[in-house]
Amino acid sequence: MTPARSFASDNNAGVHPAVLAAVAAVNQGHVVGYGDDAHTRSAERRFREHFGAGAEVFPVFNGTGANVLCLKALTKPHQAVICSEAAHIQVDECGAPEAWTGCKLLPLRTTDGKLTPRAVESACHGIGDQHHVQPRVISLAQSTEMGTVYRPKEVEALARFAHSRGMLLHLDGARISNAAASLGLSLREATRDLGVDALSFGGTKNGLMGADAVVLFRKELVPDFKFLRKQGMQLASKMRFLSAQLEALLTDDLWRRNAGHANRMARLLEARVRRMRGVKVVQKVEANGVFVQLPRRAIARLRKRYFFYTWDEEASVVRWMCSWDTTESDIEDFARFAADVIGKA
């Protein structure tokens with residue numbers, strides 16, 4: 001029998017009860033649509049409590065929408081976005097960033113999913129040459145697609161590099177809560193204070209039903225953004241239900257509690273995995289993902305009971321993700337089964 005839990009993605013987890021309660025609470029009577037409502041204003045104020053005055057927030061349906069709209073706001077079609085070759089915008093968004101922005105992505109090879117100024121500099125060539133796309137944006141994922149976390153000084157260094165060259169810094173924060181919790185930082189300290197210009201704020205992977213947001217820290221990006229959101233099919237008619245979810249996540253530190261728990265479960269899973277013979281943890285476990293190399297023949301057997309993704313088929317590396325609702329019992333049950341399967345592989 002396949003367990004009710006999986007380690008494939010934090011997207012597979014359910015919705016936090018406090019979020020469901022928040023949705024139910026605003027499901028009363030008629031409310032003006034498209035964000036012109038008191039619930040959305042309240043959510044915006046909550047975002048500013050976390051990110052500071054002047055931060056402009058635009059709820060959207062999903063992370064791909066947030067990323068695409070952020071990049072569209074930051075670029076012109078002849079420009080380029082520099083990212084890791086493992087970045088979500090490069091690997092998992094079906095070419096949407098390039099299709100919608102008209103820009104070219106310039107993916108760079110990384111061993112841990114993290115860009116450095118030195119690596120980015122190697123992609124900054126042909127400046128002013130009409131035959132070449134012009135680098136305009138550095139896009140980071142925090143935490144990265146490899147489960148690693150940029151340290152504050154690393155983000156600051158990339159922001160300085162970008163701004164000194166007239167470029168902008170975008171942060172794909174699908175798991176920004178996990179990164180901030182891991183670093184012991186507030187959301188502002190992990191983003192705006194480090195020089196981030198535009199943030200794709202993730203909520204769906206951290207207990208929401210389906211709501212993310214674009215947060216802009218530069219005034220010049222704001223005036224046209226409402227038109228980009230509408231044209232990009234990310235303007236919710238019944239906005240109150242997205243706004244209620246986001247406000248719930250940012251109330252009473254629910255974002256940190258959910259993310260911190262998922263991170264702790266990942267560290268527990270890592271500890272159990274390191275006891276297994278023939279298994280290797282291939283990336284630092286700094287957020288809520290564990291990347292493991294294991295015998296190839298064990299993968300199919302493990303999947304008979306637990307669903308998860310193979311990250312690198314050639315290297316036989318899989319990704320095991322923990323969520324806000326992962327329990328210690330989930331970890332122990334999975335670890336026992338995995339140890340048995342791998343021991344027989």
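Select T75 first: at 11% relative accessibility, T75 counts as buried (under 20% relative accessible area, with a 1.4 Å probe and protein chains only). T75 sits in the loop between helix 3 (63-74) and strand 2 (79-84); helices (H or I, at least four residues) and strands (E, at least two) are DSSP runs, numbered from the N terminus. This is a predicted model, in which local features need pLDDT of at least 70 and side-chain atom pairs count only at pLDDT 80 or more, while totals for chains, interfaces and linings use all residues. Residues are numbered from 1 along each chain as its sequence is written, and side-chain values use heavy atoms, with hydrogens and water left out.

Then show V81, T101, C103, R136 and V137, which T75 touches (heavy atoms within 4.5 Å), leaving aside residues up to four places away in sequence.

Next, select F47, I138 and F201. These have the most contacts inside the largest nonpolar core, which has 55 residues; such a core is a set of buried Ala, Val, Leu, Ile, Met, Phe, Trp, Tyr and Cys residues joined through side-chain atoms within 4.5 Å. Helix 10 (residues 239-249) gives the most to this core, seven residues. A second, separate core has 28 residues, including M265, L268, W320 and I342.

Finally, zoom out to the chain. There are 13 helices and eleven strands, and the C-alpha atoms fill a box of roughly 60 × 55 × 35 Å along the principal axes. Buried residues are 55% of the 345 in the chain.

Technical notes:
Buried < 20%, exposed > 50% of the residue type's maximum accessible area, 1.4 Å probe, protein only.
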